[in-house]
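Dear colleague,

I am passing on the structure we spoke about, and you will find it just below.

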Amino acid sequence: MTEKNFIIAGFGGQGVLLAGEVLANAFMLAEKHVTWYPSYGAEMRGGTVNCEVVMSDDDVSEVNKADADFIVALNQASFDKFVSKIKTGGWIIVNSTLAKESKPRNDINYLFAPITKLAENVGNVKMTNILALGLLAKASNLVSLSSLEQALDNVIPPHRKNLLPLNIKALKIGYEYDLLATQV
Amino acid sequence: MTTQCLTNKKVLTKGNYAIAQAAILAGCQCYFGYPITPQSEIGEFMSGKMQELKRAYVSAESELAAINMTIGAVSTGVKAMTSSSSCAVSLMQEGLSYATADQLPVVLVSVMRGGPGLGNIYPSQGDYFQATKGGGNGDYNLIVLAPSTVQECVDLTYKAFYLAQKYRNPTVLLADGLLGQMMEPVEFYDYPYPEIDTSSWALTGAKNREARIIRSYAPLADDQCVFLKKLFEKYRIIEENEVEWEEINTCDADIVLVSFGSTSRNVKTAMKMLREKGIKAGFFRPITLYPFPSKRLKELSKNVKKFVTVEVNMGQMVNDVRLAVNGACPVELVNKGVGAPPSAAEIVSRIEELI
């Protein structure tokens, strides 16, 4: 049985929960078992927020796992909090616009990309979360671009459908970002 | 937060929204509630959808009001519900006792959080006693259903409305913060149960018939004895017919792990991990907490060497398992006070300590 889990983390307002929901939808569309679970609690504005997505070929074994296969850290606080939770051989995808490019462990894969800046170039800083999903899709090779595009269409409500093309553009820019150049 | 899947009938949705949507599909005509984390999405969803469907949504001034409004609504024969969490369900206990005595099909969704007192908003199973033993006065039982997945939140919400009306007894859907907040793919479908005829007792106006009174007051001692006998005859029928549980790998098991609700997800995984280590473990999950699957546990106790209940509370269901087993074999507890359930790996290591 293949089971992989993902943590997406950042500031409140960066669209972390929504990115997780899009990812979970994409797995559902690919006929996987999937569970999405948010951090919830006495959270503060500007504090960190995260969600976990567990994807499995069988029943999801558990949520709130102690470690993760893939982590997306959209700010420094998330990098600091989660870098120790990545499984050996796992990936951390880091928004280098808001986090330093440091490598405290040598048993994991790092992908540093200026995600916020790339989103600004797309034309809307709010695309940070979806651009990060593009990077995650490429690095993980576990979810297809077409599933994610369909998932975006699922998740974006009718009165916001005008933003769908921009989201898809951000997704593709993330997906096409040159991973090898960042591996040095 | 509820999104459609176009390739099949599945949608990705939160447990709370799944419950609310299922209630609407079950034909719930009236919702009364007061917000409290971690179940506020139920009221939020209802506040929009019920008005759209021209059904009744009332944001009650308190939980006392909400349960009594629900009593009022169901006494007219319609399906109605309220939802709340832990410390606020405490405020509804008087109403639940009255609804039981009045034989009214109240549906209560109880999404557990940390306690006692105000506690906290994290997941918990600390209200097993509150739901199954009750905090109201007198001899009564609530029918209690415990989902473990978002899909079961849908299935058992339907069932809660059906059983409440079938037996004219308050019914509780006992979920927790983990289930309420998580999203999973679910399939909604038409209400699968027959509609119950309420015309013989519902208060629908006395035009062309004798007036009816629904009340729990029996001033004469003998009358109350007769009533209690009748009430408990009903409970005997419920216990006979409505017990539901899931069991896996119990036929050759030396040790059976017993768990309900969201915790049982990790426990099922732990059972598989124990099997991989060569330990003959089985898994048993009560789906109805009342009626409790005591008979089946008693049967299993003839061949099982040990039961272990796994709960996120200080040990509540363990008592019902002990009563069922009645000393035939040891019943141990692996627990955590509050929060997300212990991980499958932790459950495995704590069970290995017990062997």
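Please keep in mind that this is a predicted model. In chain B, residues 24 or more positions apart account for 78% of the contacts with a separation of 6 or more, and 51% of the 355 residues of this chain count as buried. The secondary structure of chain B comprises 13 helices and 16 strands, and its C-alpha trace extends over about 70 × 55 × 40 Å along the principal axes. The radius of gyration of chain B is 21 Å, which agrees with the value near 20 Å that a compact globule of 355 residues would have.

As to the partner chain, 20 residues of chain B are in contact with 20 residues of chain A. On the chain B side, the elements that contribute two or more residues are β1 (3-4), β2 (10-14), β7 (120-123), β10 (183-187) and α10 (263-276), and the residues of that side comprise 10 nonpolar, seven polar and three charged.

Within chain B, one helix pair deserves a look. The axes of α1 (residues 15-25) and α7 (residues 150-167) of chain B come within 8 Å and cross at roughly 25 degrees; since this angle is under 35 degrees, α1(B) and α7(B) are therefore roughly parallel to each other, and the crossing is right-handed. Gly15(B), Ala18(B), Ile19(B), Ala22(B) and Ala23(B) of α1(B) meet Val150(B), Cys153(B), Val154(B), Thr157(B) and Tyr158(B) of α7(B), a contact made up of eight nonpolar residues, two polar and no charged.

How values were computed
Residues are numbered from 1 along each chain as its sequence is written. Chains are lettered from A and ligands numbered from 1 in the order in which they are written. This is a predicted model: local features need pLDDT of at least 70, side-chain atom pairs count only at pLDDT 80 or more; totals for chains, interfaces and linings use all residues. Helices (H or I, at least four residues) and strands (E, at least two) are DSSP runs, numbered from the N terminus. The radius of gyration is taken over C-alpha atoms; the globule rule is 2.2 Å times the number of residues to the power 0.38. A residue is buried if 20 or more other C-beta atoms lie within 10 Å of its own, exposed if 12 or fewer, and partly exposed in between; C-beta atoms are placed from the backbone. Two residues are in contact if their C-beta atoms, placed from the backbone, lie within 7 Å. Ala, Val, Leu, Ile, Met, Phe, Trp, Tyr, Cys and Pro count as nonpolar, Asp, Glu, Lys and Arg as charged, and the others, Gly among them, as polar. Axes are lines fitted to C-alpha atoms, for helices over the stretch in contact, and angles run from 0 to 180 degrees between N-to-C directions. Angles under 35 degrees count as roughly parallel, over 145 as roughly antiparallel, 65 to 115 as roughly perpendicular and the rest as oblique. A crossing is left-handed if the near helix is turned anticlockwise from the far one by less than a right angle, and right-handed if clockwise.
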